[in-house]
Amino acid sequence: MSQISRSAPSIPMLLAIGIPIIIALGFLPRFIGLYQTELLIYGFTFAIAALGFNLLLGYTGLLSFGHSAYFGMGAYTVAFIVRDLHVQSMELCILGGVLASLVISAIFGYVCVRHTRIFFSILALALSQVLWSLAFKFFWITGGTDGIRVPRNRITLVGGLFDFTGSGAYQRFVYSYYYYVLVIFLIAVVIMWIIVHSPFGKALQAIRDNEVRAGFVGVPVQRFRWLAFVISGTFTGLAGALWVPLNGLTTPDILYWPFSGEIVFMTVLGGFRNFAGPIIGAISFNYLKVYAVAGSQYWQLVLGSVLVVLVMLMPTGIVGTLGRIARMLRRG
Amino acid sequence: MALLQTIELKRYFGETRAVDHVNLSIEEGEFISLVGPNGAGKTSLINVISALLEVESGQILFRGEDITRTTRTERVRAGIARSFQLVNVFDDLTTFDNVALAIFSREGKTTHLAKLAHLDHAVTEEADTVLSQFGLAAKRNDNARDLSQGERKLLDVALAYALKPKLLFLDEPTSGVSTRDKGQIMDTIASVVRGEGITAVIVEHDMDVVFKYSDRIVVMAQGTPDEIRNNEQVAMTLLGSADTSAFARKD
Amino acid sequence: MDTLIIQTLNSIFYAAVLFLIAAGLSLIYGVMRIVNLAHGTFYALGAFVSAWAVGAVFGASSTGGLALIGQLLILPIGALAIAAVGAVIEPTLLRPLYGRPEEYILLVTFGLLMILDDVMKLVFGGTPLSAGSIMDGMGSIRIGGLLYPAYNLIVIAIGIISAVGLWAFIYRSRFGVILRATSQDRRMASALGINVGRIYVQAFAIGCFMAGLGGAVVVPAQAAVLGMGVDALILAFVVIVIGGLGSLEGALVGALIVSFVRTAGIQFFPEIELAVLYLIAAVVLLIRPTGLFGRA
Ligand SMILES: Nc1ncnc2c1ncn2[C@@H]1O[C@H](COP(=O)(O)OP(=O)(O)OP(=O)(O)O)[C@@H](O)[C@H]1O
Ligand SMILES: [Mg+2]
């Protein structure tokens, strides 16, 4: 199995790779047009969700089939703030969404980390479905299956500096939101990268590899699992908060467990044994799904087949497989 | 005051009397060998003292304090560390990260999540020192999974040692290692442990090793002390020795 | 009073269907330690196949006693078809993954769920499909001043027969002994000369058969619709979590608990009816991880 990091990461080398990518991403909207830009924003938001999810799967060894709950919590909180509190500032909305998902993942996580393996997965799933059923049933609050609209013209970015009313609002929204999400995405990547390379991150990996021995070197296993869960849920909540204005609408679908399955899918597609795996996976999954939906009425058939083939033939995902090919080329 | 004292410590598995009212006293600075035939309960005794298994009855005193009901992590914090008979390391971490984690944990630094682990030079240097003490420096960046059996065994011991415990239990540190490497590993362990003034209890079947390194030998076996003295297998293992200063009483 | 009886009958009807689905899921977990996320979709597929078969053979409007008996005899085709699907899937998709971390099985069955969902759409169209002619043909019985469909009683009977049959099969038959031996210790079983591979494919097929049977018996009463499988899976999870993963008695008691709570929920607290069920499952997992009847 390919490894998350074999030796200490070299920061100059990361910057040498990262800065050109960031610059390219900065200029990209000029070349790819409105629709592609929008797709990329979706990709970034899902990447944040998958990055958070993978702190649990890839680094702590816990497979959550309930991360829809935290994504949905972020999204619905933003929708409530905009609709009921008439707040316009996206920053306040994000703050609210992140706090709400932090609280709910702290509660759910406290319960879930009492178990591991399949029991953990089912528990996470059952709890996420509590939220789904509430969103579904309390329609006078949540809009039921119709969901809640979050119109773009009700939102401003960077403390009111950018608003989206009047002519050309849609276009202006997409281009400014692209940079807005890109910056937050990059911050999220840096934070997560630091976490997984911190002593805490090493302790999580130790728990993943061997929880008994982790206890015997003095790591408080359950408490650390809980912390990882909270961080993970909060990242996914941030993703949900950023996703809402883009989608313009939040519905119970994003709380329903198959959406949790999609987050798992993204992560495995990229490769959960690599830091970059969930990022690449989420962006690729978004394209895959969008084009499958556009191309065929039977897009689930396409996605499902991809997943099955992936698991059977490329279990290390895109990044893991590319890494292996690169190593093979270097050797031979 | 003894560093560690067990009083009538008991743990059965159904009919199997693995730890049968053991009274054991360990003084500070000793290097003790714990011997006995297969299935005598040596590993079980360590498991109970290190809180891998729950105590059924009896007491464990560490530096005079009753620790019978404390958790695993609390005992590690108090200064009791152990290695494992069957290798128990972090397979997908590098050899370096295995040891570094133990040091971070000892220093209370595992809660640091906004600092990069490899930039903590004090810990990095210490981890590298431990690795070279155990002859693992060359395998620094290899995953623990890819080490040889002997190296994995050493890493298992290094993990416990890196916690700088007051009391260290080593459960057959040389099992599964070729006889050629055995002496080298034991030399390493003995010098490192004595150098730090760590009190050590080592489970070992090879009597040459036992006699060469230990200050005191503790025998564990099923039965009453008389039966044990007359036990052929025990006698065999201790052949030529009158230095059995202590018996773990099991009756 | 009459409504109480009807509500009770409804709960038992619902419990019978849930038991069939959950017992299959639980059997597969018990023997093979795998969780099949496509299990609910197998239930839906069973419903579609049975409804389609009944409609294809008899048309929509055939009536009369003989036609009714014929339709009832055709109904189990859904269950058989799903058993066959299971017998194909286990050796091809699942077996290669047994040596790998259990996450991979979850993922493959999730992929299977997506695939089968669309296969149903492709084959049967997006519209609901029902075998309502059976329900209509059987008429109703009078309970006090109210009418109750006679067919529902048949489903209840099938549920009871399946429970007893499955119990006898697992605890009284030779195959059951082998099954239980395999579930307890796979390596030991194979050392004793048991063909574990064959046991696995049979156990998986039986589990799938149960899901398909659930779909087959429900479809005269409720039309098969896309998406019914995804809902059913989660309820079946709740059932086996309450009863204990891998336990047959647990599936039975769990199904009854879930059904009665649900019926009461719809009556008295409709908004949180589902939430309550999921919370019960979570609480059981917390305080009694092995469920009411499960062993560690
Ligand atoms: N977890 C357990 N469950 C049941 N029985 C156990 C367990 N652990 C140990 N035993 C039994 O307790 C007895 C003592 O085992 P233990 O491993 O402590 O012996 P040991 O002295 O370490 O032997 P060895 O030299 O072979 O390592 C054995 O009979 C063993 O089978
Ligand atoms: Mg032993």
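Reader: How many residue pairs are in polar contact between chain A and chain B?
Author: In this predicted model, local features need pLDDT of at least 70, side-chain atom pairs count only at pLDDT 80 or more, totals for chains, interfaces and linings use all residues, and side-chain values use heavy atoms, without hydrogens or water. Residues are numbered from 1 along each chain as written, with chains lettered from A and ligands numbered from 1 in written order. A polar contact is a pair of N or O atoms within 3.5 Å, one able to donate a hydrogen and the other to accept it within protein; residues adjacent in sequence count only if both atoms are side-chain atoms. With both residues at pLDDT 80 or more, the count between chain A and chain B is 15 residue pairs.

Reader: Which residue forms a salt bridge with Asp156(B)?
Author: Chain A and chain B have 3 salt bridges between them (a side-chain nitrogen of Lys or Arg within 4 Å of a carboxyl oxygen of Asp or Glu). In the one formed by Asp156(B), the closest N and O atoms are 2.5 Å apart, and the partner is Arg213(A).

Reader: Which element gives the most residues to the side of chain A that touches chain B?
Author: Elements giving two or more residues there include α6 (169–196) and α9 (221–247) of chain A; helices are DSSP runs (H or I, at least four residues), as are strands (E, at least two), numbered from the N terminus. The most, 8 residues, come from α7(A).

Reader: Which residues coordinate the magnesium ion (ligand 2)?
Author: Donors are N, O and S atoms within 2.8 Å of the metal (3.2 Å for Na, K and Ca); water is not among the atoms, so sites may look incomplete. Two side-chain atoms, OG1 and OE1, coordinate this ion at 1.8 to 2.1 Å, from Thr43(B) and Gln85(B).
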